[in-house]
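Let's look at some aromatic rings together. Have the sequence and the 3D view open, and try each question before you read on.
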Amino acid sequence: MKKELLSQVYQHPLINSQELESIIEAHQKITLKKGDFILKEGEIANSYLILENGLLRSFAYDYNGNDITTDFFCNYEVVIEVLSLFQRIPAKENIQALTDCICWKIDFDVFQELFHSIGGFPEWGRLWMTGRLFHFKQRSVEMVTISAKERYLQLIKEQPQVVLQSPLKYIASYLGITDTSLSRIRKEIS
């Protein structure tokens, strides 16, 4: 499963099969139990993960101390806190497993070595980062331009794993609404 998963994640025309093999070999399998943290606020991220199976979320505390879900990570996604990892600064978010998870971890130093020695790796990284930037920009605009019901329906369509495996309170905070509002929306839909 490792080779299939990582080949799919790192697929890029400028990365040849030998280089891809080097990237794949740099990852180590780890398992997480539901509730485990891979990063806590104030720590500096020293690795990132590729999620094979499971569900994780990132969250931060707002100015009132409320736990607000900022993102979900589903199967075959890169689990990362970009600012902390690449700028080497303490994280403002936490990343926690919502289910038992199987992941493939790559340490920052190993990633850096491969990034600078494999010609197509920076291009892969640029495309991945561009995709994430687009995702977050679209999400921030949609938080003010479409209704909570539309955002929930979009989440069902784009990330059904989240709706099936995450507690409703985390989904509600991700959507920017209360648990009660989410319950009302779910009743309207069904």
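Q: Is phenylalanine 121 buried or exposed?
A: Keep in mind that this is a predicted model, where local features need pLDDT of at least 70, side-chain atom pairs count only at pLDDT 80 or more, and totals for chains, interfaces and linings use all residues. Residues are numbered from 1 along each chain as its sequence is written, and side-chain values use heavy atoms, with hydrogens and water left out. Buried means under 20% relative accessible area, exposed over 50%, and partly exposed in between (1.4 Å probe, protein chains only). Phenylalanine 121 has a relative accessible area of 0%, so it counts as buried.

Q: How many aromatic pairs are there?
A: Rings of Phe, Tyr and Trp (its six-membered ring) pair if their centres lie within 6.5 Å; planes under 30 degrees apart are stacked, over 60 edge-to-face, and the rest tilted. With that rule, the count is twelve.

Q: Which kind of pair do phenylalanine 72 and tyrosine 174 make?
A: Both phenylalanine 72 and tyrosine 174 are buried. Their ring centres are 5.1 Å apart and the planes are at 65 degrees, so this pair is edge-to-face.

Q: Which kind of pair do phenylalanine 115 and phenylalanine 121 form?
A: Phe115 and Phe121 also belong to a cluster linked by ring pairs, with Trp124 among its members. From centre to centre, phenylalanine 115 and phenylalanine 121 are 5.9 Å apart, and with 50 degrees between the planes the pair is tilted.

Q: Which ring does the charged end of arginine 88 sit over?
A: A charge sits over a ring if NZ of Lys or CZ of Arg is within 6 Å of the ring centre and within 35 degrees of the ring normal. For arginine 88, the charged end is 4.3 Å from the centre of the ring of phenylalanine 108.
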